[in-house]
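Subject: Structure to look at

Hi,

Here is the structure I said I would pass on.

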Amino acid sequence: MSTRSPYRGSRRRLVLAFDIGTTYSGISYAVLDPGQVPEIKPVTRFPAHELISGASKIPTVIYYDRTGQARAVGAEASKEGIFEIAEDQGWAKAEWFKLHLRPKSQATQQITSEIPPLPIGKTVISVVADFLKYMLHCAESYVKDTHANGPEFWRSMEGEIDYVLSHPNGWEGAQQDQMRKAAIMAGLIPDNPAGHARISFVTEGEASLHFSIQNGLPTGAMTRGDGVVMVDAGGGTVDISAYGRTQAGSDRDTVFEEIAPPQCHFHGSIFVTIHAGVFLRSFLRESSFQEDIEHVLACFDKTTKPRFRSKDEPQYIKFGSTRDNDPACNIRFGQLKLDGSDVANFFEPSVRCIVNGVLEQRRQAHRPISHVVLVGGFAASDWLFTKVQEALRPYSLHVVRPENHVNKAVSDGAISFYLDHFVNTRVSKMTYGNFCHIPFVENDPEHRTRFQNAFLSFGGQRRIKDSFDIILAKNSQVSETKEFRRPYFRELERKSDFKKAMFEVWAYRGLIPQPRWRDLDTQNYTQICTIEIDLSKLALQQKKNGPKVFYRLDYEIVLLFGLTEFKAQIAYKDNGVEKRSEAKIIYDDS
């Protein structure tokens, strides 16, 4: 365990971490008092929480009425009789809605048919906003009830609370932008720079590392700097990241670096249930219980799945009364009997995903890896843990689970990220760059084959377009303070055209080590964002090409990839002195 330093700020602060999971969500918080060591605490009481088992977690579910109003959220949505009320009054259920935020890439399209649609008239931003509003209400009630002078304390903090929002490793700037919009819609922060600064983002992998540092990371990872793979196995995603300690010495010098590109896979615990559903629909297709499959799956989800330990023993799903029987389908006295091997098959894709993901981290890592730490709600499955442990043992990988509640690792770890900030170097998970035009080289065969892309610039130079300029290569370790600069210029006929410029950042996700051209492996290029830059203050150079007058502007785009959130600036010279201005980053929500 690392020793936390006292808070050095001059006035009291409150920080809340909201972990919106696919199936369950949690809240952690810390009160920062000057000179005191902050303590991370979970919110453990929610409306109707007495009906929910498990520590500090509530279902990620919202029921909407016909007018689009949220009528039951979180634990309220699991109350006795709520299903009947929803049926009678035509309420729509929003669940697994977090997965609608996922990046729209080839890798994520395969799960589209598995995710329940959003209620009619709702966007993913509005649904996330409603859930954030509920979580804030729960946090407010808990803090007011459990702290001395709670109502007065909350009133003094309101409007200044800092928030940490966690998200899967695979979420990118566009998803963070949508989460920020949801936070604004929910009333967490105002839509201005000061409000935006009160939101921090952290990946679930990095939050899990912070949790494990405070709750028993393997000794070798803490003392010898062994590489460690964090596997956050949750309801929807399995997030896999690798880290290594960089500084020896006292606990207060604890610094880790990411040592391999982080991964995000859609193989969380809901997919075990999805596989079970495919099996049961076939198995019960001739049975009178065909119409009860959703209820049978719900019972499987709550009892059979988490308790499964042996493929050699029959497994039972208790879903009905003693009057429910169908011997042809192994149903007796309201219980459906399944072969243990069939249930093991439901888990197999998730087990295989984790094992392959860990081995891929090991292959790509910048230092040797010795340990694997499993956290997240799905990690509580003894079958999953045992099978991963068995599969990785031949590779001399030591697989462990923290003793404390692994299902609140992310929300607690998100607060630790805010307080302790143990990671200062991260690894790029794709190649970043920009399409630009470059001087045409007559004797370069790649240029000659693309002669149709050549053109004459205003300065009279033959150039060729659609060249990919790599700014940051995949699997590069990047410190938080490292800047990536690229010089660019604009040549235009009129001064008035220089008021604003748009600069696109692209990612290459394919297998070409040094991608150079847009027309090779085109489908693996995706636009990350557009950077809008104000050029009105920059000095222009007047140029001539024969009698033709044009204007040229030289500037540099400065990008910071090493933070948990992408940042961009523009650098330019004013009378020989470099100046900076913030650039506006625009994401496409579609």
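Let's begin with Asp466, which sits in strand S22 (residues 462-472). Strands here are DSSP runs of type E with at least two residues, while helices are runs of H or I with at least four, and both are numbered from the N terminus. Before going further: this is a predicted model, where local features need pLDDT of at least 70, side-chain atom pairs count only at pLDDT 80 or more, and totals for chains, interfaces and linings use all residues. Residues are numbered from 1 along each chain as its sequence is written, and side-chain values use heavy atoms, leaving out hydrogens and water.

Back to Asp466: its phi is near 65 degrees, a positive value in a residue that isn't glycine. Most residues other than glycine have a negative phi. Asp466 is partly exposed, as its relative accessible area is 24% (buried is under 20%, exposed is over 50%, and partly exposed is in between, using a 1.4 Å probe and protein chains only).

Ser396 also has a positive phi, near 60 degrees. You'll find Ser396 in the loop between helix H12 (382-392) and strand S18 (398-400). With a relative accessible area of 62%, Ser396 is exposed.

Now for helix H13. How many of the 12 residues of H13 are buried? The count is 10, so H13 is largely enclosed by the rest of the structure. Among the buried ones are Ala409, Ile415, Phe417 and Asp420.

What does Tyr418 touch, leaving aside neighbours within four places in sequence? Its contacts (heavy atoms within 4.5 Å) are Arg13, Val15, Leu32, Asp162 and Val164. As for Leu560, Tyr418 is 142 residues from Leu560 in sequence and 19 Å from Leu560 in space, C-alpha to C-alpha.

Last stop, the surface: Glu80, Glu84, Glu87 and Asp88 form a negative patch. Patch residues have over 30% relative accessible area and no salt bridge, with like charges joined within 9 Å and nonpolar side chains (Val, Leu, Ile, Met, Phe, Trp, Tyr) within 5 Å. A salt bridge would be a side-chain nitrogen of Lys or Arg within 4 Å of a carboxyl oxygen of Asp or Glu. Glu80 lies in the loop between strand S6 (70-73) and helix H1 (82-89), and counts as exposed at 78% relative accessibility.

Cheers

Methods: Accessible areas come from the Shrake-Rupley method with a 1.4 Å probe; for residues, only the protein chains shown count as cover. Lys and Arg count as positive and Asp and Glu as negative; His and the chain ends are not counted. The place of a charge is taken as NZ of Lys, CZ of Arg, CG of Asp or CD of Glu.
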